[in-house]
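Please keep the sequence and the model open while reading.

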Amino acid sequence: MNKFINGFILTIFILSNVSAYAINWVQAETQNGKVAFVDKDSLLKKDKYYFYNIKYKTTPQDEFKILTVQSALHNAYSARLKTYTEQEYDNLHGDYQNIANNFNPKLELAVYGSVVHSCHKKVRELMEEEQIPRITVE
């Protein structure tokens, strides 16, 4: 019985020290059957730009690609800053501190209906939601 209790306590101790994280992917509406998501936790507004990570497929049989994007606040001019495989991205464990490190002053127009354009539109929606005052009851 004593071994059981010690084992149980050890298990609880180990599990309490494991850092849990979850990526909060929000689907962006796209055209032509493409699949795209925005990592809501990665959203950063800095100066005149948004920085965020997207996950997308151009065809259903493709593997997901993950991309860090920089885009202008009010239009779909964007730059692709960094790419990841799903494993590389998971290995970051939600570390978004360096998302703006590869800042690019030269943005290009994202084509209407493209994955980047669709994700930019979703980011703008999400960031506007953040600005809505919340009513709290105590």
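Strand pairing and burial

Val26 stands opposite Val38 in β2. The model is predicted, so local features need pLDDT of at least 70 and side-chain atom pairs count only at pLDDT 80 or more, while totals for chains, interfaces and linings use all residues. Residues are numbered from 1 along each chain as its sequence is written, and side-chain values use heavy atoms, with hydrogens and water left out.

Q: What pattern does the protein chain follow along the sequence?
A: Helices (H or I, at least four residues) and strands (E, at least two) are DSSP runs, numbered from the N terminus. The protein chain has 3 helices and 7 strands. Read along the sequence, they give α-β-β-β-β-β-β-α-β-α.

Q: Over how many bridges do β1 and β2 pair?
A: Two strands pair if DSSP finds at least two bridges between them. β1 and β2 form a hairpin with 6 residues between them, and Asn32 in the turn has a positive phi of about 60°. Strand β1 (residues 25–28) runs antiparallel to β2, and the number of bridges is 4.

Q: Which residue in β4 is the bridge partner of Ala36?
A: β2 also pairs with β4, in the antiparallel sense and over 4 bridges. In β4, the partner of Ala36 is Tyr56.

Q: How many of the 5 residues of β2 are buried?
A: Buried means under 20% relative accessible area, exposed over 50%, and partly exposed in between (1.4 Å probe, protein chains only). Across the 138 residues of the protein chain, 36% count as buried. β2 is largely enclosed by the rest of the structure, because the number of its residues that are buried is 4.

Q: Which residues is Val38 in contact with, leaving aside neighbours within four places in sequence?
A: Contact means heavy atoms within 4.5 Å. Val38 is among the residues that touch the most other members of the largest core. Its contacts are Asn24, Trp25, Val26, Leu43, Asn53, Ile54, Cys119, Lys122, Val123 and Leu126.

Q: Is His117 buried or exposed?
A: His117 is found in helix α3 (residues 115–131). Not counting residues up to four places away in sequence, His117 touches Ala76, Ala110, Val111 and Tyr112. Its relative accessible area is 17%, so His117 is buried.

Q: Which residue in β7 is the bridge partner of Ser78?
A: Strand β5 (residues 65–72) and strand β6 (residues 77–84) run antiparallel and are joined by 6 bridges, with a hairpin of 4 residues between them. Ser71 stands opposite Ser78 in β6. β6 is also joined to β7 by 2 bridges, again antiparallel. In β7, the partner of Ser78 is Glu108.

Loops

Q: Is Asp47 buried or exposed?
A: Asp47 lies in the loop between β3 (44–46) and β4 (49–57). Asp47 has a positive phi of about 55° although it is not a glycine. Its relative accessibility is 64%, so Asp47 counts as exposed.

Q: What value is the phi of His93 near?
A: His93 is found in the loop between α2 (86–91) and β7 (108–109). At 51% relative accessibility, His93 counts as exposed. His93 is a residue other than glycine, yet its phi is positive, near 50°.

Q: How far apart in space are Thr58 and Val35, C-alpha to C-alpha?
A: Thr58 sits in the loop between β4 and β5. At 37% relative accessibility, Thr58 counts as partly exposed. Thr58 and Val35 are 23 residues apart in sequence, and the C-alpha to C-alpha distance is 6.7 Å.

Key:
A nonpolar core is a set of buried Ala, Val, Leu, Ile, Met, Phe, Trp, Tyr and Cys residues joined through side-chain atoms within 4.5 Å.
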